[in-house]
Amino acid sequence: MQFEWIQIPYALLTLSIIINFGLLMNAFVAKIGARVGRRVGIPIYQNYIDLIKNYGLRSSITHGVMFYLGPVFRLTGGIGLLMFVPTIYGSVMFSNFSFAGDLILALYFIFFGTLGMALGAGESGHPHAAIGVSRGLSQVTMAELPLALAVFSIALQYNTLSVTEIVAAQQGGVLNWTLFTNPLAVVAAMLSFLGSVMRPPFDVVLAPQEIPIGPPTEYHSSYLALMQTNRVIFPIAKMVIFMNLFFGGADNWPVFFVKIFMIYMFAVFIGVVFPRFRVEQSIRWFLIWAVPIGILAVIVV
Amino acid sequence: MKEELEKRIIKGPDGLEFEVEPLRDYYCEAPPTVMPAAYSKIVEDLFNWARSESIWILGFGTGCGAIEMRPLMTPRFDAYRFGVQWRPTPRQSNLFVISGYLSVKTLKRVIRSYEQMQNPKYVVGLGSCTINGGMYWDSYNTIKRLDQYLPVDLYIAGCMPRPEALLQGFADLKKLIRSGKAEGANEYAEKFEWYKANQKKVINDWDMPDYNW
């Protein structure tokens with residue numbers, strides 16, 4: 001497949017669908033949480049208003065170039081991740097630039113935003129930001145390990161690094177999904193997924209009660225709005241990869257929405273049941289439970 | 001002035017000597033400026049609507065009134081359904097609720113937090129203490145009238161006001177914001193000298209720059 005100019009509006013369309021879906025889904029999940037606590041909860045459109053408000057604040061200050069670039073890097077990571085995997089399998093419109101990138105690129109993009117954020121938050125000079133960043137980097141690095149092992153396992157299994165081909169190999173029935181053909185890799189990857197969505201038990205990076213929201217402490221106005229936008233795009237982009245690799249992909253939007261929502265609810269359910277880990281506990285947890293499963297997945301394949 | 005805030009020469013761990021002036025190095029000394037509204041009225045109206053529907057409160061309780069803010073997060077009152085939520089950092093907050101009496105020592109912290117908030121920002125005085133001193137009217141170490149030190153958009157009277165009164169206050173504040181009348185941040189910038197003079201009159205150990213964002 002070759003690059004064509006028409007793919008740029010197509011990609012923007014994908015992006016806008018993802019952003020709207022993400023904003024609504026986050027509010028919906030917050031609303032479910034509120035209803036469980038017998039509250040009414042935020043209006044379903046609250047995230048849109050917060051975004052407009054933050055973009056509309058009149059003043060913003062900067063702490064330096066990296067402070068400015070931090071949210072930009074983060075957003076680049078989110079959008080880049082989304083653009084190089086096929087959002088809808090088999091669709092010309094929503095496959096975006098997946099012909100140009102493979103799994104390794106996706107793995108790289110997952111980490112890219114975190115690094116940018118670390119540099120940006122570091123320059124803000126706030127001690128809570130520095131604490132949050134050091135916690136975040138160590139935890140994300142650890143959570144990335146089982147995912148990388150799972151990806152190796154999958155690549156060995158299907159003999160390719162192209163996401164599109166992996167999805168193609170899973171078509172034709174639920175039992176063809178990686179979930180059933182290579183369950184160990186899926187388990188390792190889903191455990192790793194918990195570590196990167198910033199929900200309990202692995203949300204010590206933000207930890208509102210201990211270090212007031214960690215890395216973004218100094219971020220405000222448009223900076224914060226950019227990060228909120230990425231907060232919406234990045235988890236979904238990541239879930240798109242998971243969906244493509246393990247759960248058979250999606251060949252139309254309704255299936256896409258349902259699968260993404262289910263994958264997200266997995267992290268939400270775990271989050272409401274288990275209390276927060278400290279960083280050294282979470283690292284130990286990944287090393288003891290997730291990494292061996294990942295290694296096993298590679299060996300078995 | 002405290003010793004650690006004075007200008008001095010420091011020897012680094014690698015033997016290099018360098019000069020440190022905390023008040024200049026760590027803070028910005030530029031005074032606040034009046035920020036104009038958006039160029040087009042429609043855009044400004046949209047922004048004002050968004051600001052009114054997304055009020056982020058700084059989680060900073062200054063006095064006993066702070067206890068009345070906690071129930072707002074609970075199922076019984078649930079302020080989240082009105083777009084009100086609490087933020088842990090002044091950078092991201094829009095509303096500062098001065099909850100009850102304000103001692104001079106706290107006023108210093110309040111000023112620093114207030115100045116770190118971004119324009120537009122709002123101040124709500126909660127309880128009688130912020131209006132006329134309330135039951136602390138003859139106390140030696142609380143301020144009596146909040147609007148001499150910070151531009152107040154709204155008062156919620158009572159000692160203490162119930163959480164319902166706070167919710168009503170938020171509703172009134174929303175009307176003010178939507179009509180474009182809540183311009184406290186610009187007022188602060190316009191009458192900056194007057195506010196600073198008042199603040200310095202009560203704060204005796206003024207060991208920070210005049211404007212410290």
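## Chain B at a glance

Follow chain B along its sequence and the elements come in the order β-β-α-α-β-β-β-α-β-α-β-α-α-α. That gives seven helices and seven strands in chain B. Keep in mind as you read on that this is a predicted model.

The C-alpha atoms of chain B occupy a box of roughly 60 × 50 × 35 Å along the principal axes. Of the 213 residues in chain B, 39% are buried. If you look at contacts in chain B between residues at least 6 apart in sequence, 79% of them link residues at least 24 apart.

## Where chain A meets chain B

Chain A brings 28 residues to the contact, and chain B brings 20 residues. On the side of chain A that touches chain B, α2 (46-56) and α9 (221-246) each provide at least two residues. The most comes from α2(A), with six residues. Sorted by class, this side of chain A holds 13 nonpolar, nine polar and six charged residues.

## A helix pair in chain A

Now for some packing geometry: helix α5 (residues 127-158) and helix α11 (residues 279-300), both of chain A, pack at an angle of about 10 degrees, and their axes are 9 Å apart. Because angles under 35 degrees count as roughly parallel, α5(A) is roughly parallel to α11(A).

Which residues meet between α5(A) and α11(A)? Those from α5(A) include A:Met142, A:Leu145, A:Leu149 and A:Phe152, while those from α11(A) include A:Ile283, A:Phe286, A:Ile293 and A:Val298. The residues of this contact split into 17 nonpolar, five polar and one charged. A:Arg135 is among the residues that α5(A) contributes.

Terms used
Residues are numbered from 1 along each chain as its sequence is written. Chains are lettered from A and ligands numbered from 1 in the order in which they are written. This is a predicted model: local features need pLDDT of at least 70, side-chain atom pairs count only at pLDDT 80 or more; totals for chains, interfaces and linings use all residues. Two residues are in contact if their C-beta atoms, placed from the backbone, lie within 7 Å. Helices (H or I, at least four residues) and strands (E, at least two) are DSSP runs, numbered from the N terminus. Ala, Val, Leu, Ile, Met, Phe, Trp, Tyr, Cys and Pro count as nonpolar, Asp, Glu, Lys and Arg as charged, and the others, Gly among them, as polar. A residue is buried if 20 or more other C-beta atoms lie within 10 Å of its own, exposed if 12 or fewer, and partly exposed in between; C-beta atoms are placed from the backbone. Axes are lines fitted to C-alpha atoms, for helices over the stretch in contact, and angles run from 0 to 180 degrees between N-to-C directions. Angles under 35 degrees count as roughly parallel, over 145 as roughly antiparallel, 65 to 115 as roughly perpendicular and the rest as oblique.
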